[in-house]
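Trainee: I would like to go through this model with you, one region at a time. Shall we begin?

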Amino acid sequence: MRFLAVILLALTGCAPPDTWQPLPFQRSAPDDTPASSLRALVRMSDVDASRHFVRDIDSTLQSGAWRWTGKRPELKLFLESVENLKAVVEYAVAGDTFRATGPVNVTLYVNGKRLAGRRCEADGRYQFQEAVAQGLLRAKAENTIAIEVDKIWTSPVDGAKMGLILLSAGFTK
Amino acid sequence: MAILGAATFTVAVSIAAGRLALQAVPLRLYRGERWALSLPTGAACLSSLVFALCALKAAYPWVFLVAGVATILAAWRTGALRHQGDPLPDLPVAWKRTLALIFVPFGLLYLCHALSPEYSPDGSAYHLGVMARYLRAHGFERITTNMYANLSQGVDLLYLFALSLGKNSAAALVHLSFLFALPALLIGYARRFGFPEAGAFAAVMVFTSPLFGVDGSSAYIDVAVVALLFTVFYLVRLWLETPDVRVTVLIGLMAGFCYAAKYTAALAIPYALAVVAVVAWRRRLGWFRHSAALVTAALLMMTPWMVKNWLWLDNPFSPLFNRYFPNPQIYIAFEEEYRASMRRYEGVTSYWMLPAQVIFRGDLVAGYLGPAFALVPIALLGLRNPHVRWLVLAGLLFGSTYFSNVGARFLIPAAPFLALAMAIPLTHIRSHWIPLPLALVVAWLGWPTNTQYYASPAAWAIAMPDWRAALRIRSEELLLKERLGNYRITRAVEQNTPPDARILTFTALPDAYLSRDQLVAYESATGNVLRDILYTPLTPERVPTGRTEFRFPLRPISQLRIEQIAAGKDLWSIAEVRLYAQGKEVRRNARWRIRSNANPWDLAMAFDNSPVTRWRSWEAIRPGMHIDIDLGDPALVDAVVLETSNDQYEVRLRLHGRDADGKWSLVSDSPVAGEAGQYGNLRRTAALEVKSRGVDYFVVFDREWGGEDFRMNSTSWGITPVVAADGAVLYRIEAGDGTLPRR
């Protein structure tokens, strides 16, 4: 009998096509704390990337993948734990700026402390991937990651300052 | 002992039922073939009985026990179990000895494998998983979240019978009985019709095939299905000698049971019907009477499965043909994508790779039949023989669905027919010195330690079993941890979640070892939607950053229709529909009504004010798809905005409106594209949305999309890692201030 009852319920339970339905329950955005809205790794194409920016990162997403930076772009990130983490930054030196600046030195900082440096002898794509000592990081808290370029290009037309092309930055295992 | 006892009892009940059924038809059967035919015939009877008990929610071990004992007693009292008929024409002694030499070690190998704890992929996932669920519920349950549970389960119900009295391995042993019955059927058929050596050779080919071995000694159904197909073929051949309508009915019942066992095996029905109708017509036996009897009997076996699916899933053939039977359980686009993926396995770049793969490599098509099947073209040499022609015809017909799924085991329905067709001309050589040694070579090649010389080690094939685990001297746990990839995380989920928990997974965990309600992301529309929600924050293309705006002069509107006018392959989706008047959003109210002629079941997701849910057409766009909004009372509107994801390039829209007088007109056919605003924490929003749909837990493997993101950003998601094993993490979605009411 229960089988038959379930069958009857199933028959009446499905909305057949083209039948009017009422509106559903209306959602609202969940309560959000600043820390919980941050992540450990940010791609510039992420829709919420800008909430991780501290300074020197352009608000306009270029080609759906990257953003211009100034001299010292910095991001804030939230870390659950701090064991066995690597700081990862994907960036590029643009051909146009490189012609003006020549080789540039790029330095990686975590929580304001220098972690690594690299000299970029040509334009093109680069990546930092450096292990980070646990003591340098804070678990369940905001941490910052920054890269600094020693030379930037200033537009003679509008004075805009262009540093590097930033694709992603953050921490990974 | 319980395992062996349960399986033996199930097989004994089937045989008893089969003997009773065969007694009711006027067939002149030899003693051996009566025994061989009784298992598949009785399986149809027992399966039908279990179906009825499941429908009545009476699937209890004691009910099965009573029904089984009653069946055996009935067969005993009516004399059905007594030896009947003459012995079959003899098999040469050399062949008898060869068969004994081959079948005894292989039989023990398979027995040991079947007795081992079940770790086959599909067996541990759904064949046993769904049956275990039925057993817990004492009958059928409406399962809308696992498309495999909607397939016909005629053979699986035999496993349910065995499972209720024994453990998982009892099911594999029941399947093994069909692997033993199949050579008996081949040899019986061949001995009756005068080519016993060919039958013996084909039996060796089939029985020692690494694919038949591993499949037939696991809780799969393929070997049982081909045994049923061969039974239909056998009975049709017998009908030509005894064209009695009672035999026709038996053929119809068995052909219908083929459908009940596996959808693709329904080909037995047109085969049997064509032969019976044509022969009855030519011999003036009353072709309509025979055809009607056959079809009616077949429908009797098929209809219960169709009705079950029709009533519970709105599609009698679920999970197939959803385009013709649209329903909220399986999306059309998902079915098409799934079928396409089955037609072309990963790594199979050309169909020309398939012969080598299915015969001896096996790594890309999940198994291989064995090198002996390279000899199948020899069958062409025997086409002058009518038996060869019948066998080739049946083999080609039953194998005709192969290209809908190119896995090697989908050739199993054709293999025994083609093996026997090939063996007939081969054994016509007037000397034992070729077929006999060849049979020994075939068997040697099929032995697990020898397959390394030609097959890929990655292929699914029978391996040397662990006899200590088979006898439970070694713990079941240890073997499963060793051989079943996801066993540890499965048990961890079982131990760390409440009994009523619903768990979302992106890789199926073996349901045979999990009593929780598992929702696999790719097994149902519900799973598809949950995955879409959870992946939205991880995939820029899914986030509704697009904005399509229809602008028009302010006017009173009572109804709106957003019509899609292009044809293409894209799916149409809308995250949110918003109406505006003079720059302000027109507030939605309780009088609003919505509808659509494409996937109406999800339409609410375009009106729920959530950026992580979206209505999707879930079928390729076609002109005329539309969404309607009834505002109840006319309202002033001058813009309609659709917030959309950026993964639909072919969609073309126009807007129709109905004014206060009830007149419809085109409002705008030139929407303006733009960008939607920013959203808050999409991760938390998505997690809460999933939770509101009754899913408090999910399992993600590190290798899966989002694995690292969930681990690194658990606070942002509002999830807590509960336990980790096998490279996977079980997360609990925490409730929060933004928790939505349960849907």
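Trainee: Is B:T613 buried or exposed?
Mentor: B:T613 is buried, at a relative accessible area of 1%; buried means under 20%, exposed over 50% and partly exposed in between, with a 1.4 Å probe and protein chains only. Please note that this is a predicted model, in which local features need pLDDT of at least 70 and side-chain atom pairs count only at pLDDT 80 or more, while totals for chains, interfaces and linings use all residues. Residues are numbered from 1 along each chain as its sequence is written, chains are lettered from A and ligands numbered from 1 in the order in which they are written, and side-chain values use heavy atoms, leaving out hydrogens and water.

Trainee: Where is the place of B:T613 in chain B?
Mentor: B:T613 belongs to the loop between β7 (593-596) and β8 (615-620) of chain B. Strands (E, at least two residues) and helices (H or I, at least four) are DSSP runs numbered from the N terminus.

Trainee: And which side chain does B:T613 join in a polar contact?
Mentor: The side chains of B:T613 and B:D608 form a polar contact of 2.6 Å. The term covers N or O atoms within 3.5 Å; within protein, one must be able to donate a hydrogen and the other to accept it, and residues adjacent in sequence count only if both atoms are side-chain atoms.

Trainee: Moving on to B:S573, where is its place?
Mentor: B:S573 is in strand β4 of chain B and counts as buried, because its relative accessibility is 1%. Its side chain makes a polar contact of 3.2 Å with the side chain of B:S645. Setting aside neighbours within four places in sequence, the contacts of B:S573 (heavy atoms within 4.5 Å) include B:R614, B:W615 and B:R616.

Trainee: What does B:R616 lie over?
Mentor: B:R616 lies over the face of B:W618, 4.7 Å from the ring centre. The rule asks for NZ of Lys or CZ of Arg within 6 Å of the ring centre and within 35 degrees of the ring normal.

Trainee: Last topic: how much space lies in the second largest pocket?
Mentor: About 900 Å³, the space filled by probe spheres set on grid points, which are joined across faces, edges and corners. On a 1 Å grid over the protein atoms alone, a pocket is an open set of points with protein on both sides within 12 Å along at least five of seven lines, and lining residues have an atom within 4 Å of a point. Of its 36 lining residues, the closest to the centre are B:T545, B:G546, B:N646, B:G674 and B:E675.

Trainee: Which strand gives the most to that lining?
Mentor: β12(B) gives the most, with four residues.

Conventions
1 Å grid on protein atoms, 1.4 Å probe; cavity = no way out; pocket = protein on both sides within 12 Å on 5 of 7 lines; lining within 4 Å.
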